[in-house]
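Trainee: Can you walk me through this one? I'd like to go piece by piece.

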Amino acid sequence: MNALTLQWHDAGEDKTQNIYEQQSSQNPGSVRIGRDPLRCDIVLSHPTVSGLHVEIFFHHQQQGFYIRNLRSQNPPIVDGRQLVQGEMPLTEGTSISLGQIKLNVTSISTGSIPATILLSPYPPVHGHYHYPATPPAPLPGVYGLECPKCHKVSPGENLQIGCRWCGTSLAAAVSVLVEPSS
């Protein structure tokens, strides 16, 4: 899975956010950044940041992450150059200034997730798998999402919201069994 990591300092805190190629967001296919929480996936509090400032997306043909300006009166500065219109590729080390907030691209990982090999719980008989007439009942229990950053487990309904402890997106979270039922 392709992922980009942003780091910045806002409201007295250091923040880190991963952006994934197929991340669920308010605007599918991109992650919008700005001051308005109703229109943005990453919200910055500084008054010099526009309500809806930029978006970051994965360009499938170019196989890379790009930034697009959404605000002509307050363009972002990407690696010292104003991005008045259009889009620019992002690389590791890219610096993005939105008003007085500076975001840094600290890493970009590209490539695919290794294939998962699924094995049947039933042993092969003479080289062929045989399954029971009725499938076994699913394992009882409650599932949650383990945060890829702080490893705390959130309920599944937090997928759209993110980790309630550190704010990291749960798009790449691992589904874990939280509590088996009796």
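Mentor: Start with a polar contact: the side chains of N2 and E21 are joined at 2.6 Å. A polar contact is a pair of N or O atoms within 3.5 Å; within protein, one must be able to donate a hydrogen and the other to accept it, and residues adjacent in sequence count only if both atoms are side-chain atoms. This is a predicted model: local features need pLDDT of at least 70, side-chain atom pairs count only at pLDDT 80 or more, and totals for chains, interfaces and linings use all residues. Residues are numbered from 1 along each chain as its sequence is written, and side-chain values use heavy atoms, with hydrogens and water left out.

Trainee: Is N2 buried or exposed?

Mentor: N2 counts as buried, because its relative accessibility is 5%. Buried means under 20% relative accessible area, exposed over 50%, partly exposed in between (1.4 Å probe, protein chains only).

Trainee: And where is N2 found?

Mentor: In the segment before β1 (3-10). Helices (H or I, at least four residues) and strands (E, at least two) are DSSP runs, numbered from the N terminus.

Trainee: How many bridges join β1 to β2?

Mentor: Eight, and the two strands run antiparallel. Two strands pair if DSSP finds at least two bridges between them. L4 stands opposite I19 in β2. The two strands form a hairpin with two residues between them. A11 in that turn has a positive phi of about 55 degrees.

Trainee: New topic. What is the strand order in the open sheet of five strands?

Mentor: The order is β4-β3-β5-β6-β9, with mixed pairing. β4 (42-43) and β9 (87-89) stand at the edges with a single partner strand each, so one side of each has no neighbour in the sheet.

Trainee: How does β3 run against β4?

Mentor: Parallel, with two bridges joining them. G34 has V43 as its bridge partner in β4.

Trainee: Last one. Which residues touch the most other members of the largest nonpolar core?

Mentor: L6, L44 and I67, out of 23 residues. A nonpolar core is a set of buried Ala, Val, Leu, Ile, Met, Phe, Trp, Tyr and Cys residues joined through side-chain atoms within 4.5 Å. Elements giving two or more residues to this core include β1, β3 and β11 (101-109). Apart from it lies another core, of five residues, among them C147 and C163.
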